[in-house]
Every structure is written in C-alpha cells, then in structure tokens.
Amino acid sequence: MDYHTPASFDDAVALATAATGVTRFLAGGTDVLVQLRADIVTPDTLIDIKKIDGVSDITQNADGSWTLGVAVSGAEMTEHASLSAAWPGVVEGMDLVGSTQVQGRATLTGNLCNGSPAADSVPGMVAAGATVSITGPEGARTVAVEDIPTGPGRTSIAKGELVTAVNIPARGEHAGDAYLRFIPRTEMDIAVVGCAVNLRLDGDTVTEARVSLGAVAPTVLLVQDCANAIIGTTLDDAALDALAAAASAACNPITDKRGTIEFRTEVAGVLAKRAAKIAYARAKGETVKGAHA
C-alpha cells in the first residue's frame, strides 16, 4: 500500500489521478480504517488529506453561509455553538453517527462518500440544500449533496476527484430544521428510517420546505411531494397527514433483519410529521430538542 500525505488538494488530485488499483482518501477514517481492518477493502493507494490547510475549519461567510472543511469531525460540529444554533438538524444528524469516540473522527464528507442509504448526516444536508465542492483533474465543480450518492456504496465522484468542502446555505430568518431517525436500539445502531425537514415561515405559514428521507430507497431521497404538502399551510393536521402520505408514497425500501418494507413505509410518514413539527417550532423561535424516534 502506498500512503501519501499531500500538502494541497491539487497534490491530492495528482496522486489520485496517477494511482492504479483501489484508491481511498483518509480524513476521519471511521469507514476506511474499519473496512481495511476487516479486509473488506484494501487500498493500493491511501491519501491522507488531514495535513491540507483548512480541512478542519468551520467558517461562517460574510453572506451567512457556512463552509466546513472535509476533516471537521462530528464532535467539532456539535461543540460549535453558532453552527448548532443555525442548523440544529444538520448537526444532530451528524451527532448520531457512532459513539463518542467515533464522533471525534467521523466527518460529514466521509459519511456522504461512503454511499450508505442509511447515512444519518446526509438527509439533514439534503434538506438544508447543502452542496459539496469537488476538485479533480478536469477542474473544480459544485454538486448538490443529493446528487452525490448513486446507489449503495456508490457515488458520482469520478476517478481523481475528491470533495474539498461542504457548503451550507445561510440560515436566514423564520426558518428551522430537524432530523429524526428510528433505530431498534437506544444508541449506536443504523437507521431503519431517517427523515430531515427544513422549512421557512411567513407568520405561521410555511413558505419554503425541503424534506429528505433516508434508509427507504437505494439512495437518500429529496421528496418534492412532501414539500408541496406543507408549503402554503400552517402545518395543521390536514397538512401533516398529506406530508405523511407523501413520505410513505416516496419509499422504495427493502426488507431486512431490521425492518420490513411495510414497516419502513409506515415509519417514514410518522417521522416526517414529527420532524416537521420540530422544524416548525424552531422556525417560530421555540426551543425544541430533537430526539431519536
């Protein structure tokens, strides 16, 4: 195995482009190192990007948007008061990834690029309208988070490319988000269903919304029908019922040892209603704690 510690993203791209065989990037390493030790994947080239300037920075830009370095850990996100206040749903999704020890290393980028449909941090990013910056041999591009996963364990990132930053929009006023998941155990389990809701209000009326579902299809979903169900409403019972129906209708899950197709489809609607209520309360300035389902 060839191990590299490039000093810049351009150097990392050059190494990845020239590499043959299996290449992996190392930021947090909570997926790559586990797969390596379990002989699931043995990289021919391992490119450690932690020494690149800025990869551990959390920056709020002049327009209120956020730029997160690719090696920012879940623990660092949780401890960042301003980011947690602006985007609690994004932060609480990442906060559910693994144990306290794992939180010290796990990253948004790694969770996204692992390609799991059940990734806890991804629905929150999708609902937030987050993008990732990608650098590769053909230059730089910006891609919506929902366009990165293409199937279980697969992404749209090409050979030689790597994610260089996560970009989260400005929060703005009268808006809130939330993420909830259902798991069989109290802690440290994989989501059977996950749901993130991000919305904005004018008075009591929802004027903007994005709803994302995890673990109910081959990739994390952005469900426009769910958003349409609550936009223009005051999130009354009829709107919540329409939201739940749209969420369930969007599901294309599998049956496995953690849940059946029917169970996942039902729970998706339940979680969508609960997450929407939390996001709505946060948009109204109320203090609400998200929780596991």
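This note walks through a few features of the structure above, point by point.

1. **Before you start.** This is a predicted model, in which local features need pLDDT of at least 70, side-chain atom pairs count only at pLDDT 80 or more, and totals for chains, interfaces and linings use all residues. Residues are numbered from 1 along each chain as its sequence is written, and side-chain values use heavy atoms, with hydrogens and water left out.

2. **Salt bridges.** Side chains of opposite charge can pair when their charged atoms come close. A salt bridge here is a side-chain nitrogen of Lys or Arg within 4 Å of a carboxyl oxygen of Asp or Glu. By this rule there are 11 salt bridges.

3. Start with R181 and D120, which form a salt bridge with their closest N and O atoms 2.5 Å apart. R181 sits in strand β11 (residues 175-182), while D120 is in the loop between α7 (108-113) and α8 (121-128), so the pair links distant parts of the chain, 61 residues apart. Helices (H or I, at least four residues) and strands (E, at least two) are DSSP runs, numbered from the N terminus. Both R181 and D120 are buried. Buried means under 20% relative accessible area, exposed over 50%, and partly exposed in between, using a 1.4 Å probe and protein chains only.

4. **Two more pairs to look up.** R171 and D177 meet in a salt bridge at 3.7 Å, N to O. R171 counts as buried because its relative accessible area is 11%, and D177 is buried too, at 3%. D204 and K284 also form a salt bridge, at 2.5 Å, N to O. D204 lies in the loop between β12 (193-202) and β13 (205-214) and K284 in the segment after α11 (261-283), so this pair ties together parts 80 residues apart in sequence. Here D204 is partly exposed, at 40% relative accessibility, and K284 is partly exposed as well, at 38%. Finally, D256, R258 and R264 are linked in a network of salt bridges.

5. **The largest nonpolar core.** In soluble globular proteins, nonpolar side chains tend to be buried together. A nonpolar core is a set of buried Ala, Val, Leu, Ile, Met, Phe, Trp, Tyr and Cys residues joined through side-chain atoms within 4.5 Å. The largest one has 43 residues, and those with the most contacts inside it are L68, M77, M125, V132 and I168. Elements that each supply at least two residues of this core include α1 (9-18), β5 (66-68), α7 and α8.

6. What does M77 touch? Leaving out residues up to four places away in sequence, M77 touches I58, L68, V72, L83, S84, V90, V91, M94 and L108, where contact means heavy atoms within 4.5 Å.

7. **The largest pocket.** On a 1 Å grid over the protein atoms alone, a pocket is an open set of points with protein on both sides within 12 Å along at least five of seven lines, whereas a cavity is a set of points where a 1.4 Å probe fits but cannot get out; lining residues have an atom within 4 Å of a point. Points are joined across faces, edges and corners, and a volume is the space filled by probe spheres set on them. The largest pocket holds about 1400 Å³ of space. It is lined by 50 residues, and the closest to its centre are D31, Q35, G110, C113 and N114. Its lining divides into 23 nonpolar, 17 polar and 10 charged residues. Ala, Val, Leu, Ile, Met, Phe, Trp, Tyr, Cys and Pro count as nonpolar, Asp, Glu, Lys and Arg as charged, and the others, Gly among them, as polar.

8. **The cavity.** A search of the whole structure finds one cavity of 30 Å³ or more. L68, G69, V70, V72, T107, L108, T109 and V166 line the largest cavity, giving five nonpolar, three polar and no charged residues.

9. **Backbone angles to check.** Most residues other than glycine have a negative phi. H174, in the loop between β10 and β11, has a positive phi of about 55° although it is not a glycine. A215 also has a positive phi, of about 70°.
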